[in-house]
Structure formats: C-alpha cells, structure tokens
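Biologist: I would like to learn how to read a model like this one. Can we take the features one at a time?

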Amino acid sequence: GRASGGTPMKQRLLVVANRLPVSAVRRGEDSWSLDISAGGLVSALLGVKEVDAKWIGWAGVNVPDEKGQRALTEALAEKRCIPVFLDEEIVHQYYNGYCNNILWPLFHYLGLPQEDRLATTRSFQSQFDAYKRANQMFADVVNEHYEEGDVVWCHDYHLMFLPKCLKEYNSSMKVGWFLHTPFPSSEIHRTLPSRSELLRSVLAADLVGFHTYDYARHFVSACTRILGLEGTPEGVEDQGKLTRVAAFPIGIDSERFKRALELPAVKVHIGELTQRFAGRKVMLGVDRLDMIKGIPQKILAFEKFLEENPSWRDKVVLLQIAVPTRTDVPEYQKLTSQVHEIVGRINGRFGTLTAVPIHHLDRSLDFHALCALYAVTDVALVTSLRDGMNLVSYEFVACQGSKKGVLILSEFAGAAQSLGAGALLVNPWNITEVANSIASALNMPADEREKRFRHNYAHVTTHTAQDWAETFVSELNDTVVEAQLRTRQ
Ligand code: G6P
C-alpha cells in the first residue's frame, strides 16, 4: 500500500513465537532490565528494512502482579516486543509438558513418553488442554495489536493451534506458520493422540513453511493419510480451500560473523586460543544440551577414535560447549548426568597430568568468544540424531575464512541438504563411522579442505536469514492475493 504522501508504506509484520528474543530480569517492583538477544533469527525478522516488525511472545519469566506486568510491557515496547503472560501452571503443562516432553521428542523421532499408558493418557489430555489454552492466550494478544493488512507470522511447534484461533477472530487475517523442527514421517505423527486437531489448525494458515522438502512432503502426506484431504504440488486442499505448503530453508546473518572477526578484541582472543592449543588440532561441538543433538554418541565416537589412533592422543582436543536448556524437564536432567559420566570416564582414561582430551562446558559463550572459537577450530562435529536445520554448522563455516577446517555433519540435520557436498556426512548412530570420519577430517589434504570449504562458504553467505524472512513474507502476501483472485472468479 501507499500512504497519502506517495511514499510506500512499510509492510507491518507481527512475528509470534513462544519466546521473545529477550532475557528479562526484575530489578524492583516496577523496574526491569532487558537483554535483547541479537541472534540470527532476530536480525532476520527485525532487520528486514521494508518491513515494520513487532515480536509477540512469552518473556520467559513469571510475573504474577499487574504492576510488574505493566512495567515489563512498557520496557519491552521500546524493543518492539509485546509480552504474553503465562502463569506457572500453564508453563508447566504447556511448555515443559506438551511442547517439550511430547511434541519436541515426537517430531525428532524419539517417540511419545513411555510411562504407564493410562497415566500418560490422563496427563496427555490435561497438557493438550493447557496447550490450546496457551495458544488462545497468544491469539488474544495478537488480536489486540492486529491492524488490517498486517501479516501475522507464527513460529514453531509451540503454536500449532494459533493459526486456527487467529482465523476464528478474523478470517481475512494473513496468517503464515513456519516449523523450525523436522516434521516427521506421517507414520510417526499418527501416533499422536491429538494428531488430527493439530493438523487441522495448522491448515487454517494461508502458508505453511518448513526447512526442507522432506518435512513439507511429510506434512502433506500426514494431511492426506490422517485427514483424507487432497495433496497437490501447491499444498493441501480442503473443500476448495488451498493451504500453500512449501520449503524455506533458513540461513544465518553471515555478515555479522564477518564483522565480529574483524574486531581487535576478537583477534586478540583468537591469538590466545591459538597459543593455548598450540601443537594440538581443535575439534569443536556447540549444542544446546538436548537429546536430539547426539552428544553422548559424539563423545563415544571421539573415544573410539582415540582408542584406535594412539598417535593422535596428545595431538587433538575436543571442546564441547553444551548450553543448558529446559532444565525443568526430567529427560534433560538425566542427559546432563549421562554426558558428565561419559566425559569423566574418557578424561580419566586418556588424560595426562597436564592435559585432558575433552573440555566440556555446561554453559553458553558470548557471541564474540564463540566467533573466536569457531575461527580456531580444525574440525567441527555436528552429530544431531535429528535437527530441523542446525545453524551451528553454518556459523562454523562463516568463521572459517582463514582456517578452512572440516565440517562433520549428521545426515539427519536439515543442513545436510545444503552443506552436504562440502561436509563429511555421517550417520551419528554409527560410532565407528563417525570415528573414521574424525580420522579423515584430521588427515584431509589442504586442497580438498579448500574445495569443500569454498562450496559451503558460498552457500552460507548467499542463503542468509534475511533472504529467508523476505521470501517467506512475500510468498505469504502472494498466496493471499492469489486466493482472493480465485474466490472472485
Ligand atoms: C529450538 C526451537 C525454538 C526454541 C529453541 C530454544 O531451536 O525450535 O523454538 O526457542 O530451541 O529452546 P527453548 O525451549 O529454550 O525456547
């Protein structure tokens, strides 16, 4: 559209995600300090120049009192963020329960929880009810801030019920939904007790997006096989209404990494790390401490490599950064102790008085420290058992301008479809295969490393997060226009 002065009006965009890109800390009754995360998704969604974007989501904190809620809302408004307030019980049932204990493992092929069937069925129902209630609360906030012509972009498995709630408020709202995880085979999805209701509510959107064609295809076949609807090359059709389904592979803001590597402080840090690990090859893993990341499998493969290659034992180090996540969910607590146990055993077995083979950190690093670490790495190890995309692999490539290190990448990460030709692809369940790939990576001749790196670098720097966001939003606009034309015919 155009404003009266003839200047093009910016497209208004409401981004809705479970989590706002901020961490909020309460300083007093009505004062908050906010730390906005500048990650790739944030710069992608808030950084598109032609778009006037606002972000709607949960601030990740419990704020029971109205005074605190008002103060936080005001503080967030300056950051273009709008909070959805969820109480502790809802967070427990919706976020810890239905999202992270049911949908997350199921979508990553880890199946439904295995406890006593009856108990599971009972708690399943109350968690699903809480999920729907939470989605309705997000819809209420969107509806409050919606203006005609806005594009509403819903994100991820937390908000599969949202498109339906939004269309019930206003059937002409332009609604897109994008899934950041894999969408599993219909044979997996059909085990979910609420399989049909979830599919139907996603189909209320105008455009449904996934990282890869495989995920899009799985979704369409779930709709045909479970709901009996018609799948077309364009998407899914239900009584003449088409929901567009397509693949939009995400990327990173590669310029941001390039700029960081030019900073004097980062260069100093790179120098320090190089000295610290002189005489040893650096292998790196960076993951949220999540069972889908295959961290135990990765460490066991590294152990096997050390076992079989004694000459490498004092010439290589594995740095594993494991960022704690969803620590209230018991499965994640179990994983933490399992990883600690394995790391301890291997360091006990192969360590010396002056060096250990694995440095394991239970925390995140700030952006600049992470860039420096990527830059000094010889081999990056991404061994996800399943992963929607995996942007760590992209970030590593973006920081490897001078080193041209090797990426070992799970074939079950979405990124394998874009970086497959440059990476060494592995089946992370096959410990022997991963151990062999570690040996190949460490011994790879410089010209082959260079060739593989060029391929990946070209991809990472040309398929950016900004392109991804722009493509999705413009496709959503086109989809709605086409649908209007169709109904007028
Ligand atoms: C995955 C999900 C995101 C989520 C992130 C961190 O990447 O796709 O939606 O925000 O993990 O998890 P958390 O539960 O801490 O938000």
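Biologist: Is R80 buried, exposed or partly exposed, and how many C-beta neighbours does R80 have inside 10 Å?
Modeller: Count the other C-beta atoms around a residue. At 20 or more it is buried, at 12 or fewer exposed, and in between partly exposed. R80 has 14 C-beta neighbours inside 10 Å, so R80 counts as partly exposed. R80 sits in the loop between α2 (66-77) and β5 (81-84). Keep in mind that this is a predicted model.

Biologist: What is the phi of R80?
Modeller: Start with the general idea. Most residues other than glycine have a negative phi. R80 is not a glycine, yet its phi is positive, about 65 degrees.

Biologist: Where is R326, and how many C-beta neighbours does R326 have?
Modeller: R326 lies in the loop between β13 (316-323) and α12. R326 has 17 C-beta neighbours inside 10 Å, so it counts as partly exposed. R326 is also one of the residues around the ligand.

Biologist: Which other residues are around the ligand?
Modeller: Read a shell by membership, then by class. Besides R326, the residues around the ligand are R19, D156, H180, T181 and T325. By class, the shell has 3 charged and 3 polar residues, and no nonpolar ones.

Biologist: Now a helix. How far apart are the end C-alpha atoms of α3?
Modeller: Compare the end-to-end distance with that of a straight helix. Helix α3 covers residues 88-107, 20 residues in total. Its end C-alpha atoms are only 25 Å apart. A straight helix would reach 28 Å at 1.5 Å a residue.

Biologist: Where does α3 bend, and what follows α3?
Modeller: The bend is at C99, by about 35 degrees. After α3 comes Y109, whose phi is positive, near 65 degrees.

Biologist: Is G97 buried or exposed?
Modeller: G97 is in helix α3. G97 has 22 other C-beta atoms within 10 Å, so G97 is buried. Leaving aside neighbours within four places in sequence, G97 is in contact with H92, I102, Q127 and A130.

Biologist: Where is T352, and is T352 buried or exposed?
Modeller: T352 is in the loop between α12 (330-350) and β14 (358-361). T352 has 9 other C-beta atoms within 10 Å, so T352 is exposed.

Biologist: Last, the whole chain. How many helices and strands are there?
Modeller: The protein chain has 18 helices and 17 strands. Its radius of gyration is 23 Å, close to the 23 Å that the globule rule gives for 489 residues, so the chain is as compact as a globular protein of that length. Buried residues make up 45% of the 489 residues. Of the contacts with a separation of 6 or more, 77% join residues 24 or more positions apart.

Technical notes. Residues are numbered from 1 along each chain as its sequence is written. This is a predicted model: local features need pLDDT of at least 70, side-chain atom pairs count only at pLDDT 80 or more; totals for chains, interfaces and linings use all residues. Helices (H or I, at least four residues) and strands (E, at least two) are DSSP runs, numbered from the N terminus. The radius of gyration is taken over C-alpha atoms; the globule rule is 2.2 Å times the number of residues to the power 0.38. Two residues are in contact if their C-beta atoms, placed from the backbone, lie within 7 Å. The expected span of a helix is 1.5 Å times one less than its number of residues. The bend at a residue is the angle between axes fitted to the seven residues ending there and the seven starting there. A residue is near a molecule or strand if its C-beta atom, placed from the backbone, lies within 6 Å of it. Ala, Val, Leu, Ile, Met, Phe, Trp, Tyr, Cys and Pro count as nonpolar, Asp, Glu, Lys and Arg as charged, and the others, Gly among them, as polar.
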